[in-house]
Amino acid sequence: MSEPRPIRLALPLIDDEELREVEGVLKSGYLTQGPKVAEFEELIAGLVGTRHAFAMTSATTALHLSLVALGIGPGDEVIVPDFTFPATANVVIQQGARPVMTDVDLATFTMDPSDLARRITPRTRAIMPVHAFGLAADMQPIMAVADEHGIPVVEDAACAIGASYRGRQVGGFGALGCFSFHPRKAITTGEGGMVTTDDAVLADRIKLLRSHGATRKDGRFTFEAAGFNYRLSDILAAVGVAQFRKLERIIQTKRELADQYRDLLSGIEGVAAPVEPSWGGHVYQSFVTMLDDRIERDGVIDRMRADGIETTLGTYALHAQPHFQRAFDMRPGERPNSYRAFRQSLTLPLYPGLSEDDLVRITDVLRTAVARPIPAA
């Protein structure tokens, strides 16, 4: 009897559409930022509902350029959720500013608005909520805090293309929104990102800084600022254009798979499925569960890998990572919800290529894996 096939954590949905789009670019000879980038930007701006969208090399460079455009620098503070990929805070540090970490709501893994309100200081220059794993942060109270203090919001929507909050697309609530098109996201360009904004001044600043700080007239550049080379190529944008046509179908399929997962997980003690709160709009970039404290999460990952199923943690508690501990004198557990999520969250495979039989196999293996208690010390 043959071994069951390995199940990956995530796989992008790619077919001949992407090949045809890329072939067209290669045949055109126009490989750098060009008409396909402009087309991709227009599609994303139309989805998000903003007047401007600018393609970038990644969500990290999108976040970084957003802070540069806002004038964030030494002595400033930017509030970020503690439970996030380190890039969210790294871009703050790269500007010489200080990331101030809030705790998160364990039900949604997103910024806790009440903790946000407590961490506002005269040095706070931006608030950067993260739309975690395809679910919008609770933007209504977050924007209320921001508006009360006159602080701009930068939405880290890296995982959330197509996600919405009370029927409105994320990426258009704050001054700026930043998206990722990494292969684990709903749609991909391989590597790539996007900044969205309605602010004409910020749009002009982003456009200038993205390409070496240069303006062009009569075939000649004039350099107005010390900018960056954060441009996306037309080759990658062509992949994004083809992927965008699949976005609605991908999201619908992932939502259906998530519902099936919930039914299958309901009978497994100690495993909590992700929730969809009152504001809705979850697109399930990742399907992140929480395990009871009695369950050794890393052991579960190892056991499932041994059965050919790839899983991983949710993401990282920044305050528990060595760099942030050294730089900001933090100790593990100072953000208790984030720390618990870091230790006990488990991401299960989720992508359109999975079948119902695959989900049954994944949850059967999970049921066996979590039944083993934490080994005695």
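Start by selecting Q95, which sits in the loop between α4 (87-94) and β3 (98-102); helices (H or I, at least four residues) and strands (E, at least two) are DSSP runs, numbered from the N terminus. This is a predicted model, in which local features need pLDDT of at least 70 and side-chain atom pairs count only at pLDDT 80 or more, while totals for chains, interfaces and linings use all residues. Residues are numbered from 1 along each chain as its sequence is written, and side-chain values use heavy atoms, with hydrogens and water left out.

Is Q95 buried or exposed? Q95 counts as buried because its relative accessibility is 18%; buried means under 20% relative accessible area, exposed over 50%, and partly exposed in between (1.4 Å probe, protein chains only). Now show the side chain of Q95: it reaches the backbone oxygen of I72 at 3.0 Å. Leaving aside neighbours within four places in sequence, Q95 is in contact (heavy atoms within 4.5 Å) with H64, L67, V68, I72, G73 and P74.

Next, select helix α2, residues 35-48. Its 14 residues should span 20 Å at 1.5 Å a residue, and the end C-alpha atoms are 20 Å apart, so the two agree; the expected span is 1.5 Å times one less than the number of residues. Colour K36, V37, F40, E41, I44, A45 and V48, which are buried in α2. An α-helix has 3.6 residues a turn, so residues three or four places apart point the same way. Step past the end of α2 to G49, whose phi is positive, near 90°.

Now for the open spaces. On a 1 Å grid over the protein atoms alone, a pocket is an open set of points with protein on both sides within 12 Å along at least five of seven lines, a cavity is a set where a 1.4 Å probe fits but cannot get out, and lining residues have an atom within 4 Å of a point. Grid points are joined across faces, edges and corners, and a volume is the space filled by probe spheres set on the points.

The largest pocket has a volume of about 650 Å³. Select F85, A158, C159, K185 and T315, the closest to its centre among the 29 lining residues. Which element gives the most to this lining? That is α3, with 3 residues.

For the second largest pocket, of about 390 Å³, select Q33, S211, A214, F221 and R231, which lie nearest its centre among 13 lining residues. Two or more residues of this lining come from each of α7 (200-210) and β12 (214-217).

The largest cavity holds about 80 Å³, and L11, P12, K185, A186 and K254 lie nearest its centre among 15 lining residues. The second largest cavity holds about 60 Å³, and its lining includes A107, F109, F133, P274 and F287.

Finish at M290, in strand β15 (residues 287-291). M290 is buried, with a relative accessible area of 11%. Draw a C-alpha to C-alpha distance from M290 to G270: they are 20 residues apart in sequence and 8.1 Å apart in space. Beyond neighbours within four places in sequence, the contacts of M290 include L106, F109, G270, R340 and Q344.

Note on methods. A polar contact is a pair of N or O atoms within 3.5 Å; within protein, one must be able to donate a hydrogen and the other to accept it, and residues adjacent in sequence count only if both atoms are side-chain atoms.
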